[in-house]
Amino acid sequence: MRDGILPPMSGEVNNEEWKHSNGAWIRTEVWACLYPALVEKAIRFLQENYTSDISLERTAAYVCVHPVHLSRLFRQETGQTFKNMLTQLRMEKAKELLRNLDLRVYEISESVGYKKPRYFSELFKEVTGMTPLEYREKC
């Protein structure tokens with residue numbers, strides 16, 4: 001038997017003490033130690049893939065957990081939702097790109113993962129309090 005991992009005996013399994021994950025039973029205390037690592041892996045996945053059509057479901061599949069579980073872990077470990085983290089990451093990258101006067105707003109929108117420039121501009125204003133062009137003029 002590996003430490004903290006044990007197939008359950010026949011009969012009832014105490015759900016307070018054991019979690020089932022990917023075909024294995026793991027002690028809850030061991031599983032809880034994995035939470036920060038799962039969230040870190042998910043954040044790295046976001047940082048590497050924010051330019052693509054990324055979703056909670058796709059990220060959850062990458063880290064091998066259920067999307068609802070990943071959503072809860074995100075809030076628990078970071079204090080913010082998955083969607084807010086992704087939006088924040090994309091907006092920070094957009095701010096960097098807006099400093100390049102050669103790029104048009106629609107190009108920046110696409111390069112940070114938004115297919116619709118209008119939606120990007122509205123979201124940018126909601127997050128920063130100014131439109132992408134206003135931000136560009138200020139910086």
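Which residue just after α2 takes a positive phi? Cysteine 64 does, at about 65 degrees.

First, the ground rules. This is a predicted model, where local features need pLDDT of at least 70 and side-chain atom pairs count only at pLDDT 80 or more, while totals for chains, interfaces and linings use all residues. Residues are numbered from 1 along each chain as its sequence is written, and side-chain values use heavy atoms, with hydrogens and water left out.

On confidence: pLDDT is the predictor's confidence in each residue, from 0 to 100. The protein chain averages 84, and 76% of the residues score at least 70. Over residues 1-13 the pLDDT stays under 50. For that stretch the model has 14 contacts beyond four places in sequence, a contact being heavy atoms within 4.5 Å.

Now the layout. The protein chain has seven helices and two strands, and along the sequence they follow the pattern β-β-α-α-α-α-α-α-α. Helices (H or I, at least four residues) and strands (E, at least two) are DSSP runs, numbered from the N terminus. The chain has 139 residues, of which 34% count as buried. Buried means under 20% relative accessible area, exposed means over 50%, and partly exposed is in between, with a 1.4 Å probe and protein chains only.

Back to α2. Its residues Leu56, Thr59, Ala60 and Val63 are buried. They lie on the same side of α2, because they cover an arc of only 100 degrees around the axis. That arc is taken from the directions from the helix axis to the C-beta atoms.

Next, the core. The largest nonpolar core has 32 residues, and those with the most contacts inside it are Leu46, Leu70, Phe74, Phe120 and Phe124. Helices α1 (28-49), α2 (56-63), α3 (67-78), α4 (82-98), α5 (105-111) and α6 (117-128) each supply at least two of its residues. By definition, such a core is a set of buried Ala, Val, Leu, Ile, Met, Phe, Trp, Tyr and Cys residues joined through side-chain atoms within 4.5 Å.

Then the rings. The structure holds six aromatic pairs. Rings of Phe, Tyr and Trp (its six-membered ring) pair if their centres lie within 6.5 Å; planes under 30 degrees apart count as stacked, over 60 as edge-to-face and the rest as tilted. Phenylalanine 74 and phenylalanine 82 have ring centres 5.4 Å apart and planes at 80 degrees, so they are edge-to-face. Phenylalanine 74 is buried at 0% relative accessible area, and phenylalanine 82 is buried at 7%.

Phenylalanine 124 and tyrosine 135 are also edge-to-face, 5.6 Å centre to centre with 80 degrees between the planes. Phenylalanine 124 is in α6 and tyrosine 135 in α7 (residues 132-138), so this pair ties together parts eleven residues apart in sequence. Phenylalanine 124 is buried, at 0%; tyrosine 135 is buried too, at 9%.

Ring pairs link Tyr114, Tyr119, Phe120, Phe124 and Tyr135 into a cluster. Where is tyrosine 114 placed? It is in the loop between α5 and α6, and it is buried, with a relative accessible area of 8%. Arginine 90 lies over the face of tyrosine 114, at 4.9 Å from the ring centre. A charge counts as over a ring if NZ of Lys or CZ of Arg is within 6 Å of the ring centre and within 35 degrees of the ring normal. The C-alpha atoms of these two residues, 24 apart along the chain, are separated by 8.9 Å. In another such case, the charged end of lysine 41 sits over the ring of tyrosine 62, 5.1 Å from its centre.
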